[in-house]
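Please examine the sequence and the 3D structure shown below. The briefing that follows is grouped by topic.

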Amino acid sequence: MKEIILKKFAEVFGDSQGVRVFFAPGRVNLIGEHTDYNGGHVFPCALTIGTYGAARKRTDNKLRFYSMNFDSLGVIESSLEDLVPADKAGWTNYPKGVMWAFQEKGMKIPCGMDILLNGNIPNGSGLSSSASVEVLTGAILREFFGFEVTNQDLALIGQYSENKFNGVNCGIMDQFAIAMGKKDNAIFLDTADLSYEYAPLILKGAKIVIACSNKKRGLGDSKYNERRSECETALAELQKEVQIGSLGDLDEETFEKHKGAIQSDVRRKRAKHAVYENRRTIRAVEALKKGDIAEFGSLMNASHVSLRDDYEVTGMELDTLVEEAWKIDGVIGSRMTGAGFGGCTVSIVKDEAIDRFIESVGEAYKKRIGYAADFYVVEIGGGPAVLD
Ligand code: GLA
């Protein structure tokens, strides 16, 4: 990959002298969905697929971007004086947002750069290609300009840029999973205080299979912000009766006792998901530590049901992928992953069932939805890296 992107860099920007090559992974969340902005737990991991970036400093303030995933867009030019979000800037709003965020936090970027990206995360799949680009950009800035930021800071800066520059009120999970990734480990993160623990994912003869629905997210971002504000209102209503800082502070029993304080059925369902999903995530990690993969899988399944019925972020495409997966012998657990409304499912599938899984789920999906899904057997990788 390094050779491919250096060659392309030289083709696009003249030569590849002084260019450095970087990598940041994509991520998949195993369980703990829509809990990260509710002070709950998440359990994601970084993948070996992600975004490669070749970058070089310039002697002026210009920024020139090129993505091998969007060849037809050609070189997109900007400058350090023009770090404002714009529709026409397309994907470059992500690296520009991170540059803006570094400057906001007092780290002045002294010169422009030429940056070429090539990602092998399937486009728009919900495996966090945008967070991957954000963390990658942070890693480039740190390396080039010696800013004293930890990987955790890169995650926080990435999230800040996504919230304030790109207008998506996302939680910390994606950027954290990417910046803090560790080979063969998932990350058990408490989003209330960012304490975390690595948990080796020992799947004993099974693998993680991602099924990409190929459904475009469309209104996803606005629905995401809507779910977030429904949870905020439900929290404010509960706070009139119980002393809590977030929905993640509640266990199931206390929630059931006080749920009457929430004034609408819809918000009660949203809050129920946030509370129960957080507890499921804690239990799932306990099960994994005990080597009880079957229990881990049934908690994944329960997570999907809750996301489908109470949080209502699945839709026909994701439900079809998951419900077809559940029918197959050798599937330990299957659920949607990420924001929902399209994107991917994650399944843990026994080695001997993987081919059958891809064939049967693929066929049933195409028949019901009318177009094909894509399948990826993935591995858990590390965080951002300089590939010198
Ligand atoms: C998106 C967001 C994350 C998280 C998930 C849902 O991926 O970026 O912060 O909220 O949705 O769990």
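Helices (H or I, at least four residues) and strands (E, at least two) are DSSP runs, numbered from the N terminus. This is a predicted model, in which local features need pLDDT of at least 70 and side-chain atom pairs count only at pLDDT 80 or more, while totals for chains, interfaces and linings use all residues. Residues are numbered from 1 along each chain as its sequence is written, and side-chain values use heavy atoms, with hydrogens and water left out.

**Residues with a positive phi**

- Most residues other than glycine have a negative phi.
- K204 lies in the loop that runs between strand 7 (195-200) and strand 8 (206-212). Although K204 is not a glycine, its phi is positive, at about 45 degrees.
- K204 counts as exposed because its relative accessibility is 58%; exposed means over 50% relative accessible area, buried under 20% and partly exposed in between (1.4 Å probe, protein chains only).
- D184, also a residue other than glycine, has a positive phi near 60 degrees. The loop between helix 5 (173-179) and strand 6 (185-190) contains D184.
- D184 has a relative accessibility of 41%, so it counts as partly exposed.

**The second largest pocket**

- A pocket is defined on a 1 Å grid over the protein atoms alone, as an open set of points where a 1.4 Å probe fits, with protein on both sides within 12 Å along at least five of seven lines; lining residues have an atom within 4 Å of a point.
- The volume of the second largest pocket is about 170 Å³, where a volume is the space filled by probe spheres set on the points, and grid points are joined across faces, edges and corners.
- The residues that line this pocket are D184, L201, L203, A206, K207, I208, V377, V378, E379 and I380. Two or more of the lining residues come from each of strand 8 and strand 11 (374-378).
- Strand 8 provides the largest share of the lining, 3 residues.
- The lining has 7 nonpolar, no polar and 3 charged residues. In this scheme Ala, Val, Leu, Ile, Met, Phe, Trp, Tyr, Cys and Pro count as nonpolar, Asp, Glu, Lys and Arg as charged, and the others, Gly among them, as polar.

**The ligand and its surroundings**

- Which residues surround the ligand? They are R27, E33, H34, D36, Y37, C170, G171, M173, D174, Y224, G338 and A339, each with a heavy atom within 4 Å of the ligand.
- By class, the shell around the ligand consists of 5 nonpolar, 3 polar and 4 charged residues.
- An N or O atom in the side chain of E33 is 2.6 Å from an oxygen atom of the ligand. For D36, a polar side-chain atom lies 2.6 Å from a ligand oxygen atom.
- The side chain of D174 has an N or O atom 2.6 Å from an oxygen atom of the ligand. On its own the ligand has 310 Å² of accessible area, and the protein covers 93% of this area; such areas come from the Shrake-Rupley method with a 1.4 Å probe.

- I187 belongs to strand 6 and counts as buried because its relative accessibility is 0%. From C-alpha to C-alpha, I187 and L201 are 9.7 Å apart in space, and they are 14 residues apart in sequence.
- T92 occupies the loop between strand 4 (76-79) and helix 2 (93-104). With a relative accessibility of 1%, T92 counts as buried. T92 and S67 are 25 residues apart along the chain, and 9.1 Å separates their C-alpha atoms.
- A155 is part of helix 4 (residues 151-164) and is buried, since its relative accessible area is 0%. A155 and V28 are 127 residues apart in sequence, with 16 Å between their C-alpha atoms.
- T137 sits in helix 3 (residues 129-145), and its relative accessible area of 5% makes it a buried residue. The C-alpha atoms of T137 and I115 are 9.2 Å apart, and the two residues are 22 apart in sequence.

Methods. A polar contact is a pair of N or O atoms within 3.5 Å; within protein, one must be able to donate a hydrogen and the other to accept it, and residues adjacent in sequence count only if both atoms are side-chain atoms.
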